[in-house]
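Open the model in your viewer and keep the selection tool at hand. The stops below go through pockets and helix contacts in turn.

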Amino acid sequence: MFVKMSVKHTRRIKRYQEEFHPIWRFFDLKSYLIMAFMMSGGIWLRSSGFAPDVFIAVFYTGLGCALALAGVLFWIMFFKPE
């Protein structure tokens, strides 16, 4: 999922004509809404005590690895020649 999003955002960013872009143009509105929903859900899940700590640890580890790999993919596509 994050690979597809990384490629989509990189293509969109490369189409911009300006040399420098404000940071809020890095993602589109839909992606910021997904991010806000996921963060709110994670905060709620931890504070509610609904999920055991083992589940949260495994989930955050998997999510963190996926996000780190997406970050690496952004860097690769940044330095990749056209």
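Start with helix H3, which supplies four residues to the lining of the largest pocket, the largest share of that lining. The model is predicted, so treat each stop as a computed feature of that prediction.

**Stop 1: the largest pocket.** Select Ile-13, Lys-14, His-21, Phe-26 and Phe-78; of the 18 lining residues, these lie nearest the pocket's centre. The space in the largest pocket is about 600 Å³. Besides H3, helix H1 (2-14) also supplies at least two residues of the lining. Colour the lining by class to find 10 nonpolar, two polar and six charged residues.

**Stop 2: the second largest pocket.** The volume here is about 500 Å³. Select Phe-2, Met-35, Met-38, Leu-63 and Leu-67, the closest to its centre among the 22 residues that line the second largest pocket. H1, H2 and H3 each give at least two residues to this lining. How many charged residues does the lining of the second largest pocket have? It has no charged residues; the lining divides into 16 nonpolar and six polar.

**Stop 3: H1 against H3.** Show H1 and H3 as cartoons. Their axes are 9 Å apart and the angle is about 30 degrees, which makes H1 roughly parallel to H3. The crossing of H1 and H3 is right-handed. On the H1 side of the contact, select Phe-2, Val-3, Ser-6, Val-7, His-9, Thr-10 and Lys-14.

**Stop 4: H2 against H3.** Now show H2 (residues 29-48) with H3 (residues 53-79). Are H2 and H3 roughly parallel or roughly antiparallel to each other? The two axes come within 11 Å and cross at roughly 160 degrees; H2 and H3 are therefore roughly antiparallel. Their crossing is left-handed. Select Met-38, Gly-42, Leu-45 and Arg-46 in H2, then Phe-55, Ile-56, Tyr-60 and Leu-63 in H3, to see where the helices meet. Six nonpolar residues, one polar and one charged make up the contact of H2 with H3.

**Last selection.** Keep Leu-63 and Met-38 on screen. Both take part in the meeting of H2 and H3, and both are among the residues closest to the centre of the second largest pocket.

Key: Residues numbered from 1 in each chain as written. Predicted model: local features only at pLDDT ≥ 70, side-chain atom pairs only at ≥ 80, totals over all residues. Heavy atoms only, no water. Axes fitted to C-alpha atoms, helices over the stretch in contact; angles between N-to-C directions. Parallel < 35°, antiparallel > 145°, perpendicular 65-115°, else oblique. Left-handed = near helix turned anticlockwise from the far one by under 90°. Contact = heavy atoms within 4.5 Å. Nonpolar A, V, L, I, M, F, W, Y, C, P; charged D, E, K, R; others polar. 1 Å grid on protein atoms, 1.4 Å probe; cavity = no way out; pocket = protein on both sides within 12 Å on 5 of 7 lines; lining within 4 Å. Points joined across faces, edges and corners; volume = space filled by probe spheres on them.
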